[in-house]
Amino acid sequence: MPGGSAFCVRPRDLRRGAALTWVLLGVLGTAAAGGWWDRELPPAPSAEAGGRTGAQGRTPAVPSDVDPAAYRDAVERAAAAAVADGKSGKQAAEDVVSRSGDRWGAVYDHAEYAEFEQALDGHYTGVGIFVERGRDGVVRVARVQAGGPAARAGVRAGDLLESVDGHRATGLRPGQVVALLRGDAQRAGAGTPVVLVLRRGARTWTETLVRERLSSEPVTVTRLSGGVVMIKVGSFTKGSGARVREAVRTAPAGAGVLLDLRGNRGGLVTEAVAAASAFLDGGLVATYDVRGAQRALYADRGGDTRRPLVALIDGGTMSAAELVTGALQDRGRAVTVGTRTFGKGSVQMPTELPDGSVAELTVGHYRTPSGRSLDGRGISPDLVAADGAEERARGVLGGLGAAP
């Protein structure tokens with residue numbers, strides 16, 4: 001969540017399909033261990049709710065010839081048949097999803113989905129590890145939460161996660177790794193141990209960590225020299241949009257803003273729109289489709305449209321963070337600096353299954369104000385900078401007229 005995109009509804013709205021959400025699936029593990037889920041989009045009348053297209057050699061989330069309704073029905077039928085036979089509906093649904101080619105589809109039990117709700121408030125039980133799976137199936141530590149059990153033990157981003165409590169991690173989906181990190185099968189909670197085998201270069205070691213109830217700070221504000229305010233948004237959890245707006249409102253007159261979205265793996269769509277609204281005076285933020293029905297997301301009026309703004313992005317900028325980046329770039333509000341973003345612009349819709357588990361299935365895509373689809377493509381920065389990106393960004397701000 002690491003969790004982390006897609007659209008779907010909250011558990012209490014599953015049967016009615018009253019609202020859409022944007023879910024970052026890879027994040028579940030670290031939301032467990034981290035991860036953030038995008039929720040609370042406006043109601044869509046068809047209540048149905050991407051795939052990754054072939055750009056940059058990436059495969060689509062779901063093959064283009066797969067009908068979303070037929071796909072959903074197949075998952076529901078498989079789960080219902082399994083439950084009728086006294087078997088696991090969740091496992092049967094997972095089997096269908098795994099064969100479908102849906103890169104972002106996943107099935108969660110009731111406890112896992114409840115964890116989503118808690119993560120939306122910026123709280124989770126875990127060890128402070130954000131994980132990701134490479135194309136080779138190897139699970140890596142994407143980020144480590146400062147002050148958490150993993151950080152205190154010296155675990156670093158880039159470390160390979162070989163196993164969790166004796167279960168081999170390679171080849172598992174991020175959600176499965178997260179479930180192991182949380183101890184879902186044992187209903188483990190804060191205070192329970194989890195044994196990790198990690199690898200860094202030629203070194204392999206075993207680390208026993210104790211799960212804790214952790215809180216994330218999604219927005220941090222730092223005043224830098226030269227009349228620059230750095231606003232770092234780590235995730236779009238509840239309240240993050242308001243924090244961004246407050247940071248902009250209270251910034252010194254004439255100060256430029258560095259909006260740091262590097263490593264931001266997603267979050268609540270409404271919070272992403274609220275954050276974009278801090279720099280826009282109304283207007284389009286993004287569009288999305290749900291089984292062919294087009295919808296739009298608009299910024300609130302009254303944002304600061306004059307303050308110099310540079311957005312820092314990288315390959316870890318995903319989903320809701322890409323929505324913000326695309327809106328600011330398309331509308332000429334910000335200069336983007338860094339490296340190409342991840343390219344997660346698919347829409348999922350949740351379906352509650354007979355055994356209470358929830359299947360999140362890909363059914364649509366979102367686009368930037370200019371109509372760009374980011375799924376599988378990502379956003380190219382206006383100024384490419386890997387090493388020294390922050391320094392380059394500050395230089396750009398000076399050129400935009402940020403006053404010291």
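Now show strand E17 (residues 309-313) beside E18 (residues 335-338): the two run parallel and are joined by four bridges. To follow the chain from E17 to E18, trace it through helix H9 (residues 320-330); this β-α-β crossover is right-handed. Right-handed here says that, with the strands pointing away from you, the path from the first strand over the helix to the second runs clockwise.

A word on what is on your screen. This is a predicted model, in which local features need pLDDT of at least 70 and side-chain atom pairs count only at pLDDT 80 or more, while totals for chains, interfaces and linings use all residues. Residues are numbered from 1 along each chain as its sequence is written, and side-chain values use heavy atoms, with hydrogens and water left out.

Colour by pLDDT next, the predictor's confidence in each residue, from 0 to 100. The protein chain has a mean of 81, and 81% of its residues reach 70 or more. Over residues 1-60 the pLDDT is below 50, yet this stretch has 305 contacts in the model beyond near neighbours in sequence (contact means heavy atoms within 4.5 Å).

Back to the strands. Select E12, E13, E14, E17, E18 and E21 in that order, and you have an open sheet of six strands with mixed pairing; two strands pair if DSSP finds at least two bridges between them. E12 and E21 each have a single partner strand, so one side of each is left without a neighbour in the sheet. At the E21 end, two bridges join E18 to E21 (residues 383-384), running parallel, and Val-337 stands opposite Leu-383. At the E12 end, six bridges join E12 to E13 (residues 228-233), running antiparallel; pick Thr-222 and its bridge partner Met-230.

Stay with E12 for the second largest pocket. Strand E12 (219-224) and strand E6 (139-144) each supply at least two residues of its lining. Of the 17 lining residues, Arg-143, Gln-145, Ala-146, Glu-217 and Gly-234 lie nearest the centre of the pocket.

Finally, click Gln-294 in strand E16 (residues 293-298). Leaving aside neighbours within four places in sequence, Gln-294 is in contact with Tyr-288 and Asp-289. Gly-364 is 70 residues from Gln-294 in sequence and 10.0 Å away in space, C-alpha to C-alpha.

Notes. On a 1 Å grid over the protein atoms alone, a cavity is a set of points where a 1.4 Å probe fits but cannot get out, and a pocket is an open set with protein on both sides within 12 Å along at least five of seven lines; lining residues have an atom within 4 Å of a point.
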